[in-house]
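Here's a quick briefing on a protein–ligand model, starting with the fold and then moving to the ligand site. Have a look at the structure first.

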Amino acid sequence: MITTSTPHIDPKGVDIAETILLPGDPLRAKFIAETYFDDIRCFNEVRNMLGFTGTYRGRPVSVMGTGMGIPSISLYSYELIHHFGVKNLIRVGTCGAMQENMELYDVVIAQGASTDSNYLDQFNLPGHWAALSSYRLLEQAKRIADERGQRTHVGNILSSDVFYGADPDALSTWMRMGILAVEMESAGLFANAAAAGVDALAIFTVSDQIVTSAQTTPEERQTAFTAMIEIALELA
Ligand code: HPA
């Protein structure tokens, strides 16, 4: 099952750990590795989608960029699971908050990911499958966040194919169904993980408040990111 390389990942002999953090931005993957890992080795440079393996508090862990959108995270997560034996895939990213009680920098942990994408159609299910995260990882992440005194929201998010939407009412329809936040990847990740019998989770920092139109600055995003990363690393 372990392959030496795939069309998008060429580790050149460097191991990929069973637990991987998956930010969208490859430079954020580099930042996470350089800030938190010991014994860092780069395992991917194909298309500049940087991936690194190291240790965190003595435990092996990897981090790799996924790019934006369900097609991109789905192909990388598929290869990580099916060709490199990855078992715990933890997306870390930013999201737009869709409920009024949410503030910038709050942490969102996805229990499920609804979607407007057609990605799930390929599984040919005779109905609508609920894309859920791993309860084992979810329960651990929530406990770690609570121990740190971190404000969190746990629930259903929206993985949308659309960033600049043509329909101004689309998001409010999702809001009425209790969707906490919007991002663009998790439903594809959760589907790939479920189909392969491995564990996936997604943890976010609120970078935009869609109800109140509040937004973080690029500098603020960098620092706000750390609470979420540290929760994810504790899962390794
Ligand atoms: N939409 C989609 N993805 C996002 C957003 C958003 O408003 N904010 C952060 N990621």
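Six helices and nine strands make up the protein chain. Its radius of gyration is 17 Å, close to the 18 Å that the globule rule gives for 236 residues, so the chain is as compact as a globular protein of that length. Keep in mind that this is a predicted model.

**Overall dimensions**
- Along the principal axes, the C-alpha atoms fill a box of roughly 50 × 40 × 30 Å.

**Where the ligand sits**
- The ligand takes up the space of the largest pocket.
- Around the ligand you'll find Thr-94, Cys-95, Gly-96, Phe-163, Val-182, Glu-183, Met-184, Ser-207, Asp-208 and Ile-210.

**Which strands build the shell**
- Strands E5 (88-97), E8 (181-183) and E9 (199-209) each bring at least two residues to the shell around the ligand.
- E5 gives the most, with three residues.

**Polar contacts and burial**
- Asp-208 puts a polar side-chain atom 2.7 Å from a nitrogen atom of the ligand.
- Thr-94 comes in through its backbone instead: an N or O atom there lies 3.4 Å from a ligand nitrogen.
- For Gly-96, too, a backbone N or O atom is 3.4 Å from a nitrogen atom of the ligand.
- On its own the ligand would expose 260 Å², and the protein buries 84% of that.

Notes: Residues are numbered from 1 along each chain as its sequence is written. This is a predicted model: local features need pLDDT of at least 70, side-chain atom pairs count only at pLDDT 80 or more; totals for chains, interfaces and linings use all residues. Side-chain values use heavy atoms; hydrogens and water are left out. A residue is near a molecule or strand if one of its heavy atoms lies within 4 Å of it. A polar contact is a pair of N or O atoms within 3.5 Å; within protein, one must be able to donate a hydrogen and the other to accept it, and residues adjacent in sequence count only if both atoms are side-chain atoms. Accessible areas come from the Shrake-Rupley method with a 1.4 Å probe; for residues, only the protein chains shown count as cover. On a 1 Å grid over the protein atoms alone, a cavity is a set of points where a 1.4 Å probe fits but cannot get out, and a pocket is an open set with protein on both sides within 12 Å along at least five of seven lines; lining residues have an atom within 4 Å of a point. A molecule sits in a cavity or pocket if more than half of its atoms lie within 2 Å of its grid points. Helices (H or I, at least four residues) and strands (E, at least two) are DSSP runs, numbered from the N terminus. The radius of gyration is taken over C-alpha atoms; the globule rule is 2.2 Å times the number of residues to the power 0.38.
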